Amino acid sequence: MAQSYRILLLMKRFTDANRTMWDARVPAHKKSEFYDVESFKGGAPALKPLELKELGDVKGKSLLHLQCHFGQDSLDWARRGAKVTGIDFSPRAIDTAKSLAQEMNLPATFVESDIDSLPDNLGGSFDIVFTSYGVVMWLPDIRRWGEVVAHFLKPGGTFYIVEFHPTSWIFDEESEILKVKYPYFNDGEPLALPSTGSYADPDGSTGTFTEYSWCHSLADVLNALINAGLKLEYVHEFPYTSYPQFPNLMNLQDDGTYRLKEGDGSVPLMYSIRAVKPV
Ligand SMILES: C[S@@+](CC[C@H](N)C(=O)[O-])C[C@H]1O[C@@H](n2cnc3c(N)ncnc32)[C@H](O)[C@@H]1O
């Protein structure tokens with residue numbers, strides 16, 4: 001008992017540190033080229049063709065967006081007719097999402113909560129639970145995540161995730177050649193790495209933090225969903241990704257995706273999963 005309490009406290013320390021880092025990133029992300037909020041306000045999509053195709057028509061459906069950041073993707077779903085609730089553990093992200101919704105006159109609800117305690121902070125159930133691009137690596141307890149997803153789905157409801165492939169996290173991000181640096185499997189201990197700036201803040205204006213992440217294997221993600229009672233519809237793996245994860249090694253394609261220069265097609269860089277909660 002004392003041991004598991006100590007582990008809980010330790011995990012809280014890691015997620016608190018991550019929250020501080022994500023809070024600091026929000027203002028820089030909101031004005032970044034990466035997110036290009038001005039074009040989004042002008043009608044450009046924030047969501048990518050892949051999730052639009054794989055999730056399909058959301059008009060009139062209730063949609064819970066987990067780890068919604070400052071809400072741009074959530075508001076894109078709202079603009080396509082979904083009744084959206086976005087959640088994130090960063091208070092700054094949620095404040096920014098609320099003000100963007102107001103500014104764009106789009107109906108959406110945003111709730112500040114971490115994933116683990118979401119059932120204590122939000123009621124109701126949803127036709128769709130959606131989450132995407134850089135999410136599960138921040139969660140210490142992937143089994144709990146599966147339970148939370150299942151908790152918020154209506155019977156017959158759809159879960160959809162598109163995410164960076166855990167295989168892609170094992171490589172040295174600064175190397176000129178593909179070189180394994182990090183373990184694929186995790187034993188519960190986070191990887192603690194110094195982080196300056198971010199994918200959307202290449203100049204590092206947000207400062208330097210220690211980030212804590214967990215490389216959840218594809219099997220762990222799938223088993224979390226299966227153990228929570230969901231039925232898998234499909235799992236897709238892709239040899240391309242949506243941002244230059246290894247700056248020295250990737251080429252931008254005409255369709256806005258990035259592929260490896262060396263060994264193109266030989267390594268999975270993203271996956272998507274679609275699952276349903278049985279009636
Ligand atoms: C890479 S961003 C998601 C990006 C999103 N697809 C987008 O581009 O807007 C990851 C988000 O997860 C949130 N996050 C990290 N750990 C979390 C947790 N334990 N509970 C809830 N949100 C969390 C962060 O605040 C951040 O907004």
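**Salt bridges, helix packing and aromatic pairs**

With a relative accessibility of 42%, Asp-264 falls between the limits of 20% and 50% and therefore counts as partly exposed. The structure described here is a predicted model. The partner of Asp-264 in a salt bridge is Arg-259, and the closest N and O atoms of the pair are 2.9 Å apart. Arg-259 is likewise assigned as partly exposed, because its relative accessible area is 22%.

In total, 11 salt bridges are counted. Side chains of opposite charge can pair when their charged atoms come close. One of the salt bridges joins Lys-41 and Glu-38, with an N to O distance of 3.1 Å. These two residues belong to helix α2 (residues 37-41) and are 3 residues apart, about one turn of the helix. An α-helix has 3.6 residues a turn, so residues three or four places apart point the same way. Lys-41 has a relative accessible area of 29% and is therefore partly exposed, whereas Glu-38, at 56%, is exposed. A salt bridge is also found between Glu-147 and Arg-144, where the closest N and O atoms are 3.4 Å apart. Glu-147 and Arg-144 lie in helix α7 and, being 3 residues apart, are separated by about one helical turn. The relative accessible area is 41% for Glu-147, which is partly exposed, and 25% for Arg-144, which is partly exposed as well.

The N-terminal end of α7 is capped by Asp-141, which places a side-chain oxygen 3.3 Å from the backbone nitrogen of Arg-143. Within α7, the buried residues are Ile-142, Trp-145, Gly-146, Val-148, Val-149, Ala-150 and Phe-152. The elements that cover these residues include β1 (62-66), α6 (118-121), β4 (126-132), β5 and α8.

Helix α8 (residues 218-227) has Leu-218, Val-221, Leu-222, Ala-224 and Leu-225 as buried residues. Viewed down the axis of α8, the buried residues fall within an arc of 155 degrees and so line one face of the helix. Their cover includes α7 (142-152), β5 (153-164), β8 (231-238) and β12 (270-276). After α8 comes Gly-229, with a positive phi near 95 degrees.

Strand β12, part of the cover of α8, contains Ser-272. The relative accessibility of Ser-272 is 0%, so the residue counts as buried. The side chain of Ser-272 makes a polar contact of 2.7 Å with the side chain of Glu-54. Beyond its neighbours within four places in sequence, Ser-272 is in contact with Glu-54, Tyr-160, Ile-161, Val-162, Tyr-234, Val-235, His-236 and Phe-238.

A search for aromatic pairs over the whole structure returns 18. Among them is the pair of Phe-164 and Trp-169, which is edge-to-face, with 6.0 Å centre to centre and 85 degrees between the planes. Phe-164 is buried, with a relative accessible area of 8%, while Trp-169, at 23%, counts as partly exposed. Tyr-199 and Tyr-243 form another edge-to-face pair, with a centre-to-centre distance of 6.2 Å and an angle of 70 degrees between the planes. This pair links distant parts of the chain: Tyr-199 lies in the loop between β6 (191-196) and β7 (208-213), and Tyr-243 lies in the loop between β9 and β10, 44 residues apart. Tyr-199 has 31% relative accessibility and counts as partly exposed; Tyr-243 has 15% and counts as buried. Ring pairs connect Phe-34, Tyr-35, Phe-70, Tyr-133, Phe-164, Trp-169, Tyr-199 and Tyr-243 into a cluster.

Charged groups also sit over aromatic rings. Arg-25 lies over the face of Trp-22, at 4.6 Å from the ring centre. Over the ring of Phe-40, the charged end of Arg-79 is found 4.2 Å from the centre.

The loop between β9 (240-241) and β10 (250-252) also holds Pro-244. Pro-244 counts as partly exposed, its relative accessibility being 35%. With neighbours within four places in sequence left aside, Pro-244 is in contact with Met-250 and Tyr-258. The C-alpha atoms of Pro-244 and Tyr-258 are separated by 6.0 Å, although these residues are 14 residues apart along the chain.

Definitions and conventions. Residues are numbered from 1 along each chain as its sequence is written. This is a predicted model: local features need pLDDT of at least 70, side-chain atom pairs count only at pLDDT 80 or more; totals for chains, interfaces and linings use all residues. Side-chain values use heavy atoms; hydrogens and water are left out. Buried means under 20% relative accessible area, exposed over 50%, partly exposed in between (1.4 Å probe, protein chains only). Helices (H or I, at least four residues) and strands (E, at least two) are DSSP runs, numbered from the N terminus. The arc is that of the directions from the helix axis to the C-beta atoms. Contact means heavy atoms within 4.5 Å. A polar contact is a pair of N or O atoms within 3.5 Å; within protein, one must be able to donate a hydrogen and the other to accept it, and residues adjacent in sequence count only if both atoms are side-chain atoms. A salt bridge is a side-chain nitrogen of Lys or Arg within 4 Å of a carboxyl oxygen of Asp or Glu. Rings of Phe, Tyr and Trp (its six-membered ring) pair if their centres lie within 6.5 Å; planes under 30 degrees apart count as stacked, over 60 as edge-to-face and the rest as tilted. A charge sits over a ring if NZ of Lys or CZ of Arg is within 6 Å of the ring centre and within 35 degrees of the ring normal.
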